[in-house]
Each structure stands twice: as C-alpha cells, then as structure tokens.
Amino acid sequence: MAELAAISPAPPGTIGDELHALASELFPITRSVAGPGLRETLEILELTAGPMQRHRFATGDRVFDWTVPHEWVLRDAWIKDPAGRTVVTLGDSNLHVVSHSVPVHERLSLTELQPHLHSLPDQPDAIPYRTSYYEKAWGFCLSQRQRNALVPGEYEVLIDAELAAGHLELGEITIPGRTSQEVLLTTYCCHPSMANNELSGPVVVAALARMLRNRQNRPRLTYRLLFAPETIGAVAYLSRFGERLRERLVAGYVVTCVGSQAELTYKRSRLGDTLADRAAEHVLRHSTWPHRVIDFYPPCSDERQYCSPGFNLPVGSLMRGSYDEWPEYHTSLDDLSYVTPETLAESFAAYRRIVEALEADETLVVTVPYCEPQLGRRGLYPTTGGAWHVQQDRQRLEDMMFLLNYCDGEHDLLAAADRCGRPVWELRPVADQLVAAELLRLERH
Amino acid sequence: MAELAAISPAPPGTIGDELHALASELFPITRSVAGPGLRETLEILELTAGPMQRHRFATGDRVFDWTVPHEWVLRDAWIKDPAGRTVVTLGDSNLHVVSHSVPVHERLSLTELQPHLHSLPDQPDAIPYRTSYYEKAWGFCLSQRQRNALVPGEYEVLIDAELAAGHLELGEITIPGRTSQEVLLTTYCCHPSMANNELSGPVVVAALARMLRNRQNRPRLTYRLLFAPETIGAVAYLSRFGERLRERLVAGYVVTCVGSQAELTYKRSRLGDTLADRAAEHVLRHSTWPHRVIDFYPPCSDERQYCSPGFNLPVGSLMRGSYDEWPEYHTSLDDLSYVTPETLAESFAAYRRIVEALEADETLVVTVPYCEPQLGRRGLYPTTGGAWHVQQDRQRLEDMMFLLNYCDGEHDLLAAADRCGRPVWELRPVADQLVAAELLRLERH
Amino acid sequence: MAELAAISPAPPGTIGDELHALASELFPITRSVAGPGLRETLEILELTAGPMQRHRFATGDRVFDWTVPHEWVLRDAWIKDPAGRTVVTLGDSNLHVVSHSVPVHERLSLTELQPHLHSLPDQPDAIPYRTSYYEKAWGFCLSQRQRNALVPGEYEVLIDAELAAGHLELGEITIPGRTSQEVLLTTYCCHPSMANNELSGPVVVAALARMLRNRQNRPRLTYRLLFAPETIGAVAYLSRFGERLRERLVAGYVVTCVGSQAELTYKRSRLGDTLADRAAEHVLRHSTWPHRVIDFYPPCSDERQYCSPGFNLPVGSLMRGSYDEWPEYHTSLDDLSYVTPETLAESFAAYRRIVEALEADETLVVTVPYCEPQLGRRGLYPTTGGAWHVQQDRQRLEDMMFLLNYCDGEHDLLAAADRCGRPVWELRPVADQLVAAELLRLERH
C-alpha cells in the first residue's frame, strides 16, 4: 500500500476552512457527467483524498436500462443582442449553458431564440441549472431579469462545444479492512458551479478518505469511497459492482448537500433498519447537533439506484435539509456563500463518528452466560462492596453489567449500546477491558 | 346479465335526498327477522338495488348453534284501559308490540299487565324496541309517560298475530368481477320503524348495488351485497356460504348506522390489518370528513359472526358513532328526523370511495427492478433535466418514482400508496401510464 | 402436608402494622451472606411464613463463576481514641463494621486507621453500608461527622469476628399447585439493619407464603418462595435448580425495596413480554396506585442473575422507586422510619393481586367457534332482546361476548382480558359461568 504515503496530511487551520477552500478551488470548473471537467475535478480531489482507481464506461454502452452518454467539451458560449452587445456569456457563469448542449452558431430572432432560453420567473436574479444529457438540444439559462431586458431583433448565438464518444469516468478509493464486509461512501461530481449541491459532498468524502488512509491500524471494515456523476454514475457502478455490494455491503451513505445551514437530516435506507440506519441514528441521538430522521422516499439522489427494489441495499443519506426545501437548489444562488466552514466541519464530524460507530460495532459474546461473572476477583470491581450508587466509576461498572448481559450473540455492540442508551464509542473501551479479561470474545461466524 | 338492465338509473335530485326518501318509504313497515314485513322491504329495495337472489332457511332448521325461528305476522294490537279507552295501539307505532309476540286476547288487572310492559324511566317520551324471537312471550312497549298514566283496574289486551312455520329470507346481489376475489357489503333489514339503526344501512347498500350494476366495465373484484336479518341472518348465511367466504373474501363491511350526524367511525376487523381495514383507513385518511378508527370488539352487530374465531374474516364496519353512544338507539326517537340526507350522502360517498380503492388495488410489479428505468427516452420525463423542484407536473413524476420503487411484488398498490402518503385513486392513473409503457405489469399469481 | 398447619393465622390488626412489627423484630440482627445472623432471620420469618426447606452450599464450593464464602460471626467491635474513649461501637449500629471483616485487634495511628474507614462526605450523618465478602480485609463505617471529630494520635481497634468454613444457607417454601408450572417469589436476607432494602422484601414474601398456605384449595400453579442472600444466594440457587426453572418457571419476581413511599415501579424481565410482565402490568393498570413500568436493565439486584443471557428467565421486579433514586440506600438512614405500614400493606396487596391474576390465567377455548353460541336458550342472555344498552348486567353480557370471541386458543385469559380492557379477576367468574355452560373448556396441551 505504498500509494497511501502519497497523500498529504491535513493542512494547518480548521478542517472547515480547508474544505471550504477546496470547494472554492473546484467551483469554477465546467463539470458535466462526462468530459474533461469531471476528470479535472477528480484530479484535484485526489490531492486531498489520495489516488483513485478509475472505472471507465464507453459512450454508447448499455448499463441496465440506460446508455452511457457522450463526453462534452465546452469552449465558449455567448448571446449577442441586435446591437451586437454580448448579453450572456459563459465567462460570467458556466450555468449559462444547458449542460451537454450541441454546438450552435446562428442568427435568429428573439421569438426563435425564446424556446432555447430557461429562467425562473419566481427567482428573477437566479440563473437556473439545466441539462440535456440524452436529448440532442441546445439552450441558455439566464436570470429572469436578463431575459426581461432582451429587445426584439436579430440575435447571434454561439455554443462552441463538442459531443464526442469517450468515457464515463468514476473515481474509487478502497481502504481494505480486516474483514470483507464493506461500507460505501458515495458522492457525485457532475454539477458545475454549485456549492451545496454538490461540492460539499465531494470535499467531505475526500476528507473522509484521507482520514481513513491515515489511520494507524487497518480498519475492521473495508471502505469504498466513490466519486461519480449522479444517476448515470451510480447506475454504471451498480451494473459492474452491484453483485459484490449485494454480498458484502453492510452500510452505505450518499454524501450530498452537507454544507448549508439546514439541520442534519438522516434519510433512512429503504429497508429502514439496516446497520447504516442504526449507526447514523445512533450518532445523531448521542450528539448535540440539531437533527431529524426521515423515512426513505425515492426522489432525491443516488439512493434511488442503490435502493431500487432489485438491489434494496443498506444505503441511506445524511444530508442537511432535503433537496426540495431550499429555493437555491439547482440555481446560481447555491454559491460559495451558501455553504460555511462550520457546517462542512460538522458534517464531516458526523460522518467520522458514523465510521467510528461502524468500526466499534463487533458482535462480542459473553463467555460466562449463566449468572454474572465475579468481577471482583478479576480486579474489575471494587473489593469493598455496597458503595455502588456513590461509586466514582459507577458508569464503567454499569457499562460492564450491560455488556455482560446484552452481549449474548444476538445483539451486536451497537444494539447493546442502544439497549442501555449509551454511545458505542464510550462502550467500546469497556468492552475491550472485558475482552482482555476473557469475559467477552469475538463471535466466530 | 340481462337482469342488470332492469334497475332504474339514479333519479334526479341529490343522492342524499333520494336515500332519505327511500328510508321514509320503508319506515312504516312492520319488519321482523322473518315474515311478510321483511319480504316487502326487500321488494322495495330491489327497485333501487336491482333484483336479489333469495336464500331461504326453513323454520326449525339448525344453523350452527342456532335454530331458524318462525315467521311472524302482526295484524293488530292494542291495550284498552278500564274505561274502554284505547291507550296503546299498533296504529301509533309498530314499536308498541314486542317483536314476535305470541297472540293474546284477554282481560287482566294492571298488576297482571305490568310484567308485559316495557318502558324507559330515563327517557320518558321514548318507546323502546324489544324482541322475543326465541322465547314464546308477548309484551307491549310504551313510553314511561304513557305507563305512568295507567290507572288500576281491568285492562283488555289484544295482539292479533301469528307465528307460523315458514322461511328466514335473505336477499343477495352478486356483481361478478374479473377475479374470483370477493367483497361483501352486508346490512340488516329486520328492525321496524327505526331510521339510523337500521334503515340507513339498507338504503346505502341499495345505492351501492345500483352504482356497481351501472359500471361500464366489469369490476376487478366480485361484489356481494347482502340484505339479511341481523344475527340469525348472518349466522344462516355463514352456515351456507362461510366456506366460500373463507376462500375468497378479501374485504367485507357491515353497513349500519350510517345516517346520524355522529362522526364516521371505522371499526376494524378482528384481524385488524386486512385489506378491508387498509382500504377503509386509507379512504378516511385521505378525506376531509371528521372520523376516527377503533379496534374490533365483539358487541355491536354482525361483525361478531363474521369475526367469530372460527371464521375470523376480514370484515370491519364503517358507521357513524358507535351503538352505545347515542341514547336514541333502539327507541322511537331513532326516527326519520334523526338521519339526514347530508350524512346519508356522505356515508354513501365514503363506501363508494372504499370500492374505488379496492378496485384500484392491484399488485403491479416493476419490470426494471435494477436501478430506475430511463423515463426520458420513453417520453415520461422532461428531456431538459434539472428543473425537478420547479417542475409543473412534479407530483406525477414523484408518483412515478414511488411506484417504480415500491411496486416490488411485496406491496400492493394500496400499500405503495400508503408508503408515499398518496391516495390510491390518484396514483392509479399514473400506474396505468407505467403499465402502458411496460414499466409495470400485473403480477401473475 | 401436615406442616401447613404449623403456621399461625394472621394476627389481629392490619397487615401493614404486622409487617412493620416483623421488620422491627428483624432489624437489630447482624446479618451477612452466611452465618448465624442469616439463620436467626430465617427462623423468625418461619413463624410467619411457615417452615422452610434449607438448601446448603459449603464454603469453597464453586457455583458457576463464584466461590461460596466463609460464614462470618461478629461478636464485638469498637474503636477507642487516643484518650481511651470509645468513639465507634457495634452496640450503636451493626453497620459500623464492614461486613465479613477479618478479626483485628491492634493499635495504630489515625493516619494508619484512615484507609480502613468509610464515610459519606455528602451525607454527614449517615453511616454507610460496606462489605468485603471475597477479599480478606477489615474496616469501620461511620458518619462523616464522627470521622471529622477524630483527633491525631494512637487508636485501638477491635473486631472480634470469625471467618469459618460453613455453609451458605437458603430458605425455600414450596406450595404445590395443580400443574407443574412454577412461580418464583424471591427476596434477600443478607443485609444488616436496613429497613427498605431489605427487610421490606422478606416480610412481604413471608406474608405471601402464609397467604398461599392458608388457601382453601390447592393453587393452580406451584409457588416457590425463596429467602436467600443477595447475588451469591441467587447464583447458588440457580446452579442447583436453574434447569428446573428453565423448564417450569412461568413467572418470577424479585421482591425488594417495597416499603418506602416511592411509587410502585415494575421493572420488566429481560424478555419484556413474559407472563410475569403481563400479570404485573395488568395488575398495575387496573389499580388506582400511582405506578410506572420500566424496562429491564442489569444493575439492581438478583434479576441480573435470573435474567443473565444463559438463563433469560421470566423474572421481573415490582418495587418502590429504583435503587439509584433514593439517597438513603445502603446507609443507616434506611431505618424503620423509612418504611411505613401503609406502603408495606399496599405492596403486599399488589403482589397478592399478581398471584390472583396468575391463578386466574388459564387458557380456555370456546366450544362454538363458528358464529356466536345462542346464549338465550342456555339462560345466559335476557330472553327479551333489544335492551342491550340499558341492560342492568350489560357488563356481564359484554364480558361473555368478549370471552366467547377471544378465547380462541391463542389468547390466555390474561390476554383476552387485555384485549377487552378488563381486570382478569372480574372476567374469571364470567369465564367460569361459560365453562359451566360448556361454552368454554380448558385447553388440553
């Protein structure tokens, strides 16, 4: 694993500042589901996350019900008004061009131009984000205010773009664990200049990858961190690795929209009570962060693919708010001021704690199942009895009693922790003491 | 099915007015569990509901633990006081005579008469309703006020009645469906002049029968609409058809007490989570009608037979209030002013919607279970993406995503609708679009 | 069963006064887990409870993970200060000596003495209760106020005690029932002068034993009433009789801390829904006593042994408050004024009612499962029908209908009672009427 040495340690300053700076660096790139913008994004993320394995799917390949689209290169785009003034230009915002627009250079009347324009009457200052991956078309997005200012006459439009056969490209980092059980942390990298949806996701996952690579010991579980275009990326990944996930995945999360100031929102997997759900809800329950838990529903992001009925994988999503609750979604208002270092840091901390909970969660089994073991002669209990309720380390003693009772082979450590209302990361050291005393042992499967 | 042409279409005016008028027509008839009053009632109901198949059970026949009683004909009845004045007469109310009284014509003192009199001290103006189907006895019911006015002396009483061997008679309408799965809508027709309990039930079921007969297409499910005397009628029906119900019944309802102004009250089946329960609760949840849902309990009406432990059928009851909550129950105060056209219409509408929900409730299965299907190339999704949350037909798109996810073979359409919090009658047209696009197909059993 | 005649009937006066007087008699005895104090205690309890079978376990014997400790005899103990004044003496309180202290007689400085002293800084007037059963050590407990008054200098300490091989001794009363199913009522008798924890437990169990012995008829279930030292007693008992309990025990309760004025608190068994739990919660639900129900957790008392994962028996505990909620716990403040005749009587009544519920709880099965039986011809229903909701014995009729519906072989009588919200001790006489009418019969296993 020489590659693990390649990544840099966390820079000085807070993790929140670092993640916000990384999002700022990625912000101007003209990303799309396939093409140079996506590749450049992955390369920048690798500087934080470490080298990624690339999975390529050729244009035109069938992945389940879908077809891999062309790569898209956008070099220039503008609209000139009847007076020859540039009224819309790619230089101002890469949201101005409908993603995957076919090339065009022609003159046409305002009336002919209108069907190619997209704006939001209710948000007159926002440029909407629109795509046309699977339909050959071109278009411009602009603010309603810009649109209202257009006068009748002949316009000149240019989209200097290319749609060419190539590859859909996914970046994956694998952190091998001591067991073959897998955890998936997936995010998407196909949106151009928008900060909460989506750059918050990739930067947090990059930081998680670095954290996992920098662990001193091999983790218990195998972690897969996936950077892929939304929808088609998840579909393509599942078409190649879905069977492996069905065999090995114990918990997965779609990491997206984690930079805004909305409350932490855990959306359950379709199954609803998988290890992914138990770990995320456990972390939130034992945190002081404002949060809520909501049930699975299909609209939103890639959980729709992972939780399609044929796969029905243990994949949830810890996000901030829900995509349909914030009006800045899919517009130019989702800019770098919409995400904060503080919320990025908090979201990172929440996912890190989920990883801790997953790592702690072994199934340990008590070796003395009939009556409690005598803790005193093992030096685990005060030799002078009776002082239980004024005992200084009473919490540790209570934890032991809980563990010796609930580690029965039917509760994993997370379930035992939930039975006694304690965070698993505080129970785990006590469990380790009991393992050392040979009162608990790892369950053999 | 020539017979289906025989019934008349709904008359002009509101359904509520029509049902109230029908109840008024039936009100004066002296009904009992067996005899001409019941037959006359069924014949009048047939003018609205269409022809009924009659099931006959001979007097003395054993049906489970019960014996079919005699037919009862009542021609005249009165009490004359010591001065020869008629103080109680059948002409005033057919509740005055205990149902199935044996004939009597004799003179007796007030003291001897008292044990044959029934009144309600707490409701001094109400004539109670009393029966003696299985015990040879006679009696008069009168208001407490009438009773208090009786002076000592010799009275003359006459009950010109006949108890004769004959038949218990049940009327049943069958609307054959495309499948053999059955729905039962049962009501009772044995009470004399009382409006909420019971005429509201028969008139609503008659209207439901007409509605089902007038459908353009054969329904999915087979409907059985049963008009029977209470208790003994249900027992007799189950003794002959219970096995068929056990094989085919998917939902049943005891339709009774649906005309008062009390809130809609759904009483669950004994099993509690059958299709009958899911459909009724779904309808109420997606309505604006005040309502409540209560668990099964044996006292009340024929659900006690259908839900006896040996049968334990999926039979609930949507009523208004519960029998033990209104003091007019089983008295002359339950008259035509106690039921309103508006509440009859609302109850009819609720049952009609239950039928709609049952009809809509097929089990459809997604044909693309691995990842979502690409809706765009089927013309089911806007070709320009990204506008999801400002999409005009977003509800339809969300419904599609829900259906493509939850139509997994384990959820029927009602269960899928409950997962997404949507009324099944709004989801069904979207499901039909997906069936047309071959993305959903009917589950083959 | 000649022995049953040996015990005396309840004395005049209230049961609460009697139990408080018995606790007062037991209070001064210097009890420990093994030794003469325990034996004397059992002998006094036998005067109320009747003769006990003694189970003996020899010092040094292994019981599961534990070793049976020595017997302890304490004859005298004191501390004399530098001026020769007795500042602590056993005569004042038997809590002054750490239980199972080894003998000592020596002179030592205050500094050398301090590690052997136990006090409670936060409760300056309370003498704590401390033990050292399994570690050879000696110590004195005293109030913080006493300790603060100690001046530097040479002290003389005496503990005239003996730790000798002998036996751990348990007292058990068995009341044989008509079936081999067993109920366990267990309490502990090892604490010296403390009233709520623990004398309240033994005195209530003694009264329950007398009540069971004095029954006219053999009970349905076999009752075992166990008086044992805490922890080691339960471990020892389970080592010898655990297999029998696993086969036969249907409900068990740890009877402890039942004399204080805290609310009745039922702590569920680890399984949570056993007959023990259903009966206790049923009793509390149908009582007017303030109460609460809490889930199992391992710390507390002997339920930790009975509910260890290997046994996982149906054992809960009805107590008053929880051990960690009252500061008097394990101190000299838990004296005879801390328990009241009223609460002892109420706790006894609650357990007596649990016994009634268990006795009533047979599984009866309806003999007419298809439709309801005709009650009228069996004289169980008024022959004049229709008066249901003004019926004087309507409760009895409703109870019959409930029983005839829910006694389906899947609900025992307690479950049927819970379905209809009625106390089982009121339903049982109605069930007996139905058994007499051959409408219910005892399930054959």
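Which backbone oxygen lies 3.4 Å from a polar atom of the side chain of H411(B)? I put this question to a predicted model, and the entries below record what I looked up.

**Entry 1: the side chain of H411(B).** I found that the oxygen belongs to the backbone of Y406(B), at 3.4 Å from a polar atom of the histidine side chain. I then looked for a partner among side chains and noted D408(B), whose side chain is joined to that of H411(B) by a polar contact of 3.1 Å.

**Entry 2: the setting of H411(B).** I located H411(B) in the loop of chain B between α10, residues 394-406, and α11, residues 413-420. Setting aside neighbours within four places in sequence, I listed its contacts as R270(A), T363(B), Y406(B), A416(B) and R419(B).

Entry 3: I next examined how α10(B) and α11(B) are arranged. Their axes come within 10 Å and cross at roughly 125°; the two helices are therefore oblique to each other. I recorded the crossing as right-handed.

**Entry 4: the residues where the helices meet.** From α10(B), I noted F402(B), L403(B) and Y406(B); they meet L413(B), A416(B), R419(B) and C420(B) of α11(B). Sorted by class, this contact has six nonpolar residues, one charged residue and no polar ones.

**Entry 5: a cross-check.** I compared the lists and found Y406(B), A416(B) and R419(B) among the contacts of H411(B) and also among the residues where α10(B) meets α11(B).

Technical notes
Residues are numbered from 1 along each chain as its sequence is written. Chains are lettered from A and ligands numbered from 1 in the order in which they are written. This is a predicted model: local features need pLDDT of at least 70, side-chain atom pairs count only at pLDDT 80 or more; totals for chains, interfaces and linings use all residues. Side-chain values use heavy atoms; hydrogens and water are left out. Helices (H or I, at least four residues) and strands (E, at least two) are DSSP runs, numbered from the N terminus. A polar contact is a pair of N or O atoms within 3.5 Å; within protein, one must be able to donate a hydrogen and the other to accept it, and residues adjacent in sequence count only if both atoms are side-chain atoms. Contact means heavy atoms within 4.5 Å. Axes are lines fitted to C-alpha atoms, for helices over the stretch in contact, and angles run from 0 to 180 degrees between N-to-C directions. Angles under 35 degrees count as roughly parallel, over 145 as roughly antiparallel, 65 to 115 as roughly perpendicular and the rest as oblique. A crossing is left-handed if the near helix is turned anticlockwise from the far one by less than a right angle, and right-handed if clockwise. Ala, Val, Leu, Ile, Met, Phe, Trp, Tyr, Cys and Pro count as nonpolar, Asp, Glu, Lys and Arg as charged, and the others, Gly among them, as polar.
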